[in-house]
Amino acid sequence: MYPLGTIVRGSTVSDSLLSATLWPGISEMRVKTLPKFFSLSSVLAAVIASATAVLSPTIAAEPESDDQANRAGIIPVGKPVKIKAPLGLPPIPIPLDNPPTEETIALGRRLYYDPGLSADGTVSCATCHAPDLSFRDGKALSNGVDGQLGSRRAPTVVNAAYNTLQFWDGRASSLEKQAEGPLTNPVEMGNTLEGVVNYVRSDPKYRALFARAWGRKEITIDLVTRSIASFERTVVIGNSPFDRFYYRGDKKALSPAGQRGLKLFLNQKKGNCSVCHVIGRRYALFTDNKFHNIGVGADTWGTFEDVGRYVQTKSASDMGAFKTPTLRNIAKTAPYMHDGSLATLKDVVDHYVGGGTSNPHLDKEIHALAFLTFNERADLKAFLESLTGTLPPNVGPPEDLPAAKMQTARSSNSVSDHSASAQSRRRQLR
Ligand code: HEC
Ligand code: HEC
């Protein structure tokens, strides 16, 4: 494991320190000093330079192709770029050893959309996390190679940069580590890590792009996943009607129903939603980055088809617990929950009104909200609908990825509509 630092704090913080409990609090506390800190690109450069200085002896000692060596010491050769966080989001956490550069982001974007990374050349990351579907696939369960069905609903990649742990059960500690999962998952992209590397190495265009981004001839899986992760860190959405209302004080940005819904969402005696879907003073991630059993996918004896976080911790309190998902763009990412079992936002509100399936591991914050009037339930839904923002530019499929390649990907039709639909969304929101 390499140290996962965040430039947010200007120092290296280990995975364990970046725990679910500490993260929201710390970032909220520190946010005041951040913009100033971030504007000093010289500080950024110094931080990276010092990381290199500390780590470079390791590089010299290790053979070029060794992945461990990559983890320890290889950093991109280009100038680190600042990824702009939109209104309502904190600065994007960046691991010290993977500062994003224009070149690594562009390379990661190409890899993300390239079905050639899958075993049979038909599935890319975008097949299940497509830009025109808010980086989801609109399905309850996703199809991978040979149309095989996975067992969980694909979460959005939007704002995954802020997750302290990845996957519904938190089994990956970073975006870099997460990316290895789908590449080798037999029902997702079905490849081997060697297969991925061989594919990339065999393409002269990739060889040139890797050399430009990483300054070395040798391509390793580590550089593949780190490039993809840098691209994913650019996929951030904020600046929704809610953000403009709450963080910019634009009273007209949020409808009266949305404003009432926000109050219910925050009120511990009413919706009690923000206890898990956190709204901070300066920004809102809508997640506490923790795991809860909210009575989805359970029977009343507490038997779960999917035990969730329990697999990782073997702690009874994690039985049937799943990561609190972000609620940004939630109106666009149906169906809902880790198993895709709820079709609409109304179903979700009804789920909470009913208090979820009662089971021995139900989170203590979950209880029936039958006292909410029908108008209040509609207000909560209106609030959820106000969380839609716009994607930044340059997160759709890259123009230089050969169209023939894209056409083999099953989602290519919908994906290629991306810029048009994103533009019309932007227009609608203005
Ligand atoms: C066949 C569909 C499929 C493909 C292809 C796929 N994913 Fe996923 N992705 C999923 C599913 C399903 C999950 C949730 C799995 C779980 O939690 O166990 C997931 C989880 C994630 C997460 C975690 C998000 C969170 O909130 O925890 C990220 C990030 C992600 N995928 C990125 C990628 C990248 C990058 C690729 C390409 C290298 C990719 N995915 C390919 C279906 C897919
Ligand atoms: C105890 C913590 C907790 C509370 C309180 C809570 N949630 Fe959730 N919420 C979660 C978790 C965890 C999930 C994912 C559960 C799963 O998939 O099994 C979730 C899922 C959701 C989803 C679906 C997200 C998706 O991508 O599928 C929505 C929408 C949602 N919650 C809205 C609300 C609203 C509205 C309230 C208040 C009425 C609320 N939540 C209260 C923890 C909580």
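A residue is called buried if 20 or more other C-beta atoms lie within 10 Å of its own, exposed if 12 or fewer do, and partly exposed in between, with C-beta atoms placed from the backbone. The structure is a predicted model, in which local features need pLDDT of at least 70 and side-chain atom pairs count only at pLDDT 80 or more, while totals for chains, interfaces and linings use all residues. Residues are numbered from 1 along each chain as its sequence is written, and chains are lettered from A and ligands numbered from 1 in the order in which they are written.

Asp146 has a positive phi of about 60° and is found in the loop between α6 and α7; helices (H or I, at least four residues) and strands (E, at least two) are DSSP runs, numbered from the N terminus. Asp146 is exposed, because 12 other C-beta atoms lie within 10 Å. Asn239 also has a positive phi, near 45°, and its place is in the loop between α10 (221-232) and α11 (241-246). Asn239 has 20 other C-beta atoms within 10 Å and is therefore buried.

The surroundings of the two ligands were described next. Ligand 1 is surrounded by 27 residues, of which Cys125, Cys128, Gly144, Trp168 and Pro182 are the closest; a residue is near a molecule or strand if its C-beta atom, placed from the backbone, lies within 6 Å of it. At least two residues of this shell come from each of α6 (125-128) and α7 (175-184), and α7 gives the largest share, five residues. The shell around ligand 1 divides into 16 nonpolar, eight polar and three charged residues. In this division Ala, Val, Leu, Ile, Met, Phe, Trp, Tyr, Cys and Pro count as nonpolar, Asp, Glu, Lys and Arg as charged, and the others, Gly among them, as polar.

Around ligand 2 there are 25 residues, and the closest are Cys273, Cys276, Val296, Tyr336 and His338. The shell around ligand 2 has 16 nonpolar, seven polar and two charged residues. Helices α14 (345-354) and α15 (374-385) each supply at least two residues of it.

In α14, the buried residues are Leu345, Val348, Val349, His351 and Tyr352. Seen down the axis of α14, these residues fall within an arc of 150°, so they line one face of the helix; the arc is that of the directions from the helix axis to the C-beta atoms. An α-helix has 3.6 residues a turn, so residues three or four places apart point the same way. The buried residues of α14 pack against α15, where two residues are in contact if their C-beta atoms, placed from the backbone, lie within 7 Å. Gly355, which follows α14, has a positive phi near 85°. In the loop between β2 (322-323) and α14 lies Pro335, joined to Ala334 by a cis peptide bond with omega of about -10°.

Lys270 is located in the loop between α12 (256-266) and β1 (291-292). Lys270 is partly exposed, because 15 other C-beta atoms lie within 10 Å. Not counting residues up to four places away in sequence, Lys270 touches Leu264 and Leu372. The C-alpha atoms of Lys270 and Phe371 are separated by 8.3 Å, although these residues are 101 residues apart along the chain.

Helix α5 is mostly covered, with 11 of its 12 residues buried.
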